[in-house]
Amino acid sequence: MYEECFKIGICADIQYADKLNHEFVDEFGRTRVCFYKNSIEHVKAAVQYWKNHKVDIIVQLGDLIDGYKNSESDSIRDLHHVLSLFNTTTSIPLLHVLGNHCRSVSKSILKETLFSHPINNDNDAFYYAYKPHPKWKFIVLNGAEISTGAIDSDFHENQEYDRLCEKYSVDSKFRNGWTGIISEIQSEWLESELESSRHENEYVLVFCHYPICGNGENASPKSHLLANSDVILEIMNKYSDIILAFLSGHDHIGSYTEFKSIHHITLPSILEFDPNKSTMPEENPGNPFHILSVQIHKETGYPQLATIHQPLVIQSVVFTNFSKNP
């Protein structure tokens, strides 16, 4: 009943670094581990998996590296190491989403590396639109556009962050170096792109490093949302007739909620995937990299995302498809 339009290989929060593992207890009392060095092995497996199954597009949802606060040269070294693996997929369009940890490298370097491809090189703001199919548009947001934790953040950026936090009444406990905020200019651009897609009868997938919806039992906590998430969510809800899903990272546990008929899907991180578990999707349903089939119903014309070869497991809940119902 559904016809496939294309396949996406997708992952989030690799956060590779030449660092020792780090065990910590999160805000909910859960003991977790960051496997910095091991994440590169999962990238190798993911790239091979995507190539074997002939995906049409690869989307990396941000935080490619962990970064170093006091050594940009080390961050750049790690960035080149991870990118060397992705660069073996030159025949497949590769879409990068900017994450907060990515900004441990200056914008000029990001422009030359992550955002050097014509797909995403048309501006210096690192947000862009891409049309993979006549019936579909991808909108890639830059949630780390304004960030006080960036290695090259300056007085102007920090001042703008404070101004926007005041304007949008962001709670002081969520104003920090790893919670990004989106400018008015980018918000206006997002709405114009969505309006254009509605006019062109296109369905839309939106990608951002940060989740924006905290409504629902398995949704991301407020501490992990984009600082002005309410603003972006309000825009999204105005175009719920054409937006199938909002896909993000940042919340390493992963999350899911459906709000106003839009699927908000946060992928679990590669960083915290147990290196002792198999990276073969057939052997481990909880694998952190995936293939999503983007489909259109042959009779109704409604869209759907469907998992291929393995379900998407988020907080022990198993998902095989995300549909837009009449």
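Modeller: Let us begin with a term. A nonpolar core is a set of buried Ala, Val, Leu, Ile, Met, Phe, Trp, Tyr and Cys residues joined through side-chain atoms within 4.5 Å, and buried means under 20% relative accessible area. Please keep in mind that this is a predicted model.

Biologist: Which residues have the most contacts inside the largest nonpolar core?

Modeller: They are Phe 86 and Leu 205, in a core of 89 residues. Once neighbours within four places in sequence are set aside, the contacts of Phe 86 include Cys 11, Ile 14, Val 43, Val 47, Trp 50, Ile 58 and Leu 64. A second core, separate and made up of eight residues, has Tyr 161, Leu 164, Phe 174 and Ile 181 among its members.

Biologist: Where does Val 55 lie, and is it buried or exposed?

Modeller: Val 55 is found in the loop between helix H1 (39–52) and strand S4 (57–60). It is classed as buried because its relative accessible area is 6%. Leaving aside neighbours up to four places away, Val 55 is in contact with Lys 7, Ile 8, Gly 9, Trp 50, Ile 92 and Ile 291. Val 55 and Ile 253 are 198 residues apart in sequence, and their C-alpha atoms are 25 Å apart in space.

Biologist: How is a helix to be read?

Modeller: An α-helix has 3.6 residues a turn, so residues three or four places apart point the same way. The buried residues of H5 are Glu 184, Gln 186, Ser 187, Trp 189, Leu 190, Glu 193, Leu 194 and Ser 197.

Biologist: What covers the buried residues of H5?

Modeller: The cover includes strands S6 (128–133), S7 (136–140), S8 (203–207) and S9, together with helices H4 (155–167) and H6 (229–238). Just after H5, Asn 201 has a positive phi of about 60°.

Biologist: How does one find empty space?

Modeller: Rolling a probe the size of a water molecule over the atoms shows where empty space is left. In this model, the count comes to one cavity of 30 Å³ or more. The largest cavity has a volume of about 50 Å³. It is lined by 13 residues, of which Pro 211, Cys 213, Ser 255, His 264 and Thr 266 are the closest to its centre. Strands S9 (243–248), S10 (255–259) and S11 (262–266) each supply at least two residues of that lining. By class, the lining of the largest cavity has seven nonpolar, six polar and no charged residues.

Biologist: What is the volume of the largest pocket, and which residues are the closest to its centre?

Modeller: The largest pocket has a volume of about 730 Å³. Of its 34 lining residues, Gln 15, Asp 66, Asn 100, His 101 and Trp 178 are the closest to the centre. Ten nonpolar, twelve polar and twelve charged residues make up the lining of this largest pocket.

Biologist: How many residues line the second largest pocket?

Modeller: The second largest pocket has a volume of about 430 Å³. It is lined by 18 residues, and the closest to its centre are Pro 268, Glu 272, Phe 273, Lys 277 and Gly 286. The elements giving two or more residues to this lining are S3 and strand S14 (312–314).

Note on methods: Residues are numbered from 1 along each chain as its sequence is written. This is a predicted model: local features need pLDDT of at least 70, side-chain atom pairs count only at pLDDT 80 or more; totals for chains, interfaces and linings use all residues. Side-chain values use heavy atoms; hydrogens and water are left out. Buried means under 20% relative accessible area, exposed over 50%, partly exposed in between (1.4 Å probe, protein chains only). Contact means heavy atoms within 4.5 Å. On a 1 Å grid over the protein atoms alone, a cavity is a set of points where a 1.4 Å probe fits but cannot get out, and a pocket is an open set with protein on both sides within 12 Å along at least five of seven lines; lining residues have an atom within 4 Å of a point. Grid points are joined across faces, edges and corners, and a volume is the space filled by probe spheres set on the points. Helices (H or I, at least four residues) and strands (E, at least two) are DSSP runs, numbered from the N terminus. Ala, Val, Leu, Ile, Met, Phe, Trp, Tyr, Cys and Pro count as nonpolar, Asp, Glu, Lys and Arg as charged, and the others, Gly among them, as polar.
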